[in-house]
Amino acid sequence: MTLILAATPLGNPADASTRLKSAIENASIIAAEDSRRFHRLCADIEVTFTARVLSFFEGNEEERSRELLAELKSGATVLVVSDAGMPTISDPGFRLMRDAIAEGVEVSVIPGPSAVTMAVALSGLPTDRFSFEGFPPRTAGARLATFESLRFEERTMVFFEAPHRLVDSLADCVNVFGAERQGAICREMTKRYEETIRGNLGELSAWASGNEVLGEITLVIAGAVTDSASLTA
């Protein structure tokens, strides 16, 4: 019995690792965030599998985790893949991983593509220390409160954001962090229309407001100046 979390390509199938292909071929059960996208990935990387494929997404994560844990305890090799990047990073898998470890199940992780680290590298902002903040809250009040709690964060910050909420999020960022704070919008990384827009938050906000924003978005924002909290106290 082994639980395997495997990173999948962000967009370019050529980024699929040899270990990922082998894990797909040898798993007895594959828990995929979107089974259709998983089948398309397998076709793109020319891998065949005999495993039973189960859907594993936010809406059924709790129930499916119990089911998969039972399969693991019965001797199954379960492979977990998300639509892109590493499972558990703003994707399903954390509950299953936690419970499997608690039950003494053997666990393994196959490293690979990561939107977080790729965006930090693309941004040109400091990489020695950074924090991943996931998706900002959807509602304006909660989103502002989240950004306010990070006003004096000195590490580079990485967020995921839905394209239709990017304009509002950037407006809130300008409001809290200031228009001159540096940042970057990383869009459709490794895909055909990959694009990185760098500048201060005022410039990024203007870009988002003036363009149709589509695709997967990762937002990187520079940290606060060292000791800025004490300077404004």
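Which residue in β4 does Leu3 stand opposite? I looked, and the residue across from Leu3 is Val78.

**Before going on.** I am reading a predicted model, where local features need pLDDT of at least 70, side-chain atom pairs count only at pLDDT 80 or more, and totals for chains, interfaces and linings use all residues. Residues are numbered from 1 along each chain as its sequence is written, and side-chain values use heavy atoms, with hydrogens and water left out.

**Entry: strand β1.** I take helices (H or I, at least four residues) and strands (E, at least two) as DSSP runs, numbered from the N terminus. I checked β1, residues 2-6, and found five of the five residues buried, so this strand is largely enclosed by the rest of the structure. Buried means under 20% relative accessible area, exposed over 50%, and partly exposed in between (1.4 Å probe, protein chains only). Thr2, Ile4 and Ala6 point one way from β1, while Leu3 and Leu5 point the other way.

**Entry: the partners of β1.** Two strands pair if DSSP finds at least two bridges between them. I find β1 and β4 paired in the parallel sense over four bridges. Strand β5 (residues 106-110) also runs parallel to β1, joined by five bridges. There, Thr2 has Glu106 as its bridge partner.

**Entry: a loop to revisit.** Between β4 (77-81) and α4 (94-102) I came to Thr88 in the loop. Thr88 is not a glycine, yet its phi is positive, about 85°. Its relative accessibility is 28%, so I note Thr88 as partly exposed. Ser90 sits in the loop between β4 and α4, and has a positive phi of about 60° without being a glycine. Ser90 is partly exposed because its relative accessibility is 35%.
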